[in-house]
Amino acid sequence: MTTSTLPSGRPLGVAAIGYAFMGKAHSNAWRNVASFFDVPAFEQKVLVGRDDEAVAEAAAKYGWAESAADWRSVIERDDIDVVDICAPGWMHAEIAIAALEAGKHVLVEKPLANTLGEAELMASAAASARARGVRSMIGFNYRRVPALALARQLIAEGRLGTVRHVRAAYLQDWLSDVEAPMSWRLRKETAGSGALGDIASHAIDQVQHLTGQTVTEVTGTLRTFVAERPGPSGLEKVTVDDAAWATLGMTGNISASVEASRVATGQKNSLKLEIYGSLGSLTFDLESLNELNFLDASLPVREQGFRRILVNEPEHPYLEVWWPQGHIIGWEHTFTHQIRDFLCAIRVGEAPSPSFDDGLQIQRVLAAVEESARNRSVVTEVPALDLGAKSTPEMPLQPELSREAGVDAGPRRETGAPNWERLH
Ligand SMILES: NC(=O)c1ccc[n+]([C@@H]2O[C@H](COP(=O)([O-])OP(=O)(O)OC[C@H]3O[C@@H](n4cnc5c(N)ncnc54)[C@H](O)[C@@H]3O)[C@@H](O)[C@H]2O)c1
């Protein structure tokens, strides 16, 4: 699992906390990242859970040298350099802050925290740690879907002209059944929110990341359709949303709609994104993760139409190291790409992206959606982050030309008559 060494000469010691859904996905990534990418040397040292026996079994299966049931003692160890937090949201702040203060690089799953207050403390701990060369990153893994990374490149290159609006819908159905049991994800004190923090957070991150623009105001609506669910001692009140809707006002004169549901019967894990610009449009669905649909409106009108790009060429982001063309990749690869980028940032001493500041900014958007929903969907401002603290964007934002004074000043189509002329 080693391909190059750090200046210290010792491989980075990694600990992961949590070994269920995300713990397994991240473990899989730690296990295979060095087989494909050139990353600094590391060792999968310890997997942490709560139940000694169960975590020991998982550690053996997932390639960890040891297991432990007390995360505090693990982050104090001198041979641990990286802490990967795959535990539920209510634990993120406590573990991340302790780990950063102990000088460990931290990767934490999304959303950053359960509350704005916790997120602010985490961002502040990350800023102090950054000054000491300690890195932190939040796991918005869909930034590492090659098709979405390509979409971001095309938008940044101006291929859509001026982006005007984005539609994002993250739809699942695992709570459609009224008998689906209570879990930490359905209690506000453990999950923070429901579909909003769990999956709308991904959609909001994508809307901002793809366009390179920031949400400034929102309207929100939250619904809980199934008010009680079976718990260990009878029916228990559900205290989070089943579904969330938001409209987003953004810098760059962009508007976006976001919907998220865990009761969208028949939709399994569909993150649909549609980006509409003056010169073209893009559509994507996570259930067809290797495909990006691109309409190039600069072509003659008679040749226009969405074309399906199979994002599986060596020229595409992350794909040079994977299989020959057309030998497609899957959802789990996004976590491998995430670990690769995190490790490479540590090696070169740069702030990885998305940062805790990015996580905090998304948390502000989530909080604004909740506030708006409490106030009958009134337009609610999202306080701006201090830009000095933001991580460096990975690539240039949209061309300045199209952003002047918030006016749609994007380049005109070069060929083909504008559609409106045809209507008259
Ligand atoms: N990026 C994604 O696509 C994605 C998908 C699902 C979940 N998540 C996020 O990942 C995080 C974890 O979610 P999950 O689905 O893996 O949850 P999960 O319930 O499947 O697993 C949680 C894990 O945390 C462990 N844990 C709980 N308390 C602990 C403690 N005190 N000490 C040590 N371990 C403890 C549990 O033992 C379990 O292994 C959440 O923040 C969630 O929002 C991200």
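In this predicted model, residues 24 or more positions apart account for 71% of the contacts with a separation of 6 or more, a contact being two residues whose C-beta atoms, placed from the backbone, lie within 7 Å. Local features need pLDDT of at least 70 and side-chain atom pairs count only at pLDDT 80 or more, whereas totals for chains, interfaces and linings use all residues. Residues are numbered from 1 along each chain as its sequence is written.

**Overall content**
- The protein has eleven helices and 17 strands, taken as DSSP runs numbered from the N terminus (helices H or I, at least four residues; strands E, at least two).
- Of the 424 residues, 48% are buried, that is, with 20 or more other C-beta atoms within 10 Å of their own C-beta, placed from the backbone.

**The six-stranded sheet**
- An open sheet with parallel pairing is formed by six strands in the order β3-β2-β1-β4-β5-β6, where two strands pair if DSSP finds at least two bridges between them.
- Because β3 (66-68) and β6 (136-139) each have a single partner strand, they stand at the edges, and one side of each is left without a neighbour in the sheet.
- From one strand to the next, the twist averages 20 degrees.
- Strand β2 (residues 42-48) runs parallel to β3 and is joined to it by three bridges, with Val-46 standing opposite Glu-66 in β3.

**Helices on the sheet**
- Helix α1 (residues 21-36) packs on the sheet, touching β1 (12-17), β2, β4 (82-85) and β5 (105-109), and its direction makes about 160 degrees with that of β1; axes are lines fitted to C-alpha atoms, for helices over the stretch in contact, with angles from 0 to 180 degrees between N-to-C directions.
- Helix α2 (residues 52-62) lies across β2 and β3 and runs at about 155 degrees to β2.

Note on methods:
Buried ≥ 20, exposed ≤ 12 C-beta atoms within 10 Å, placed from the backbone.
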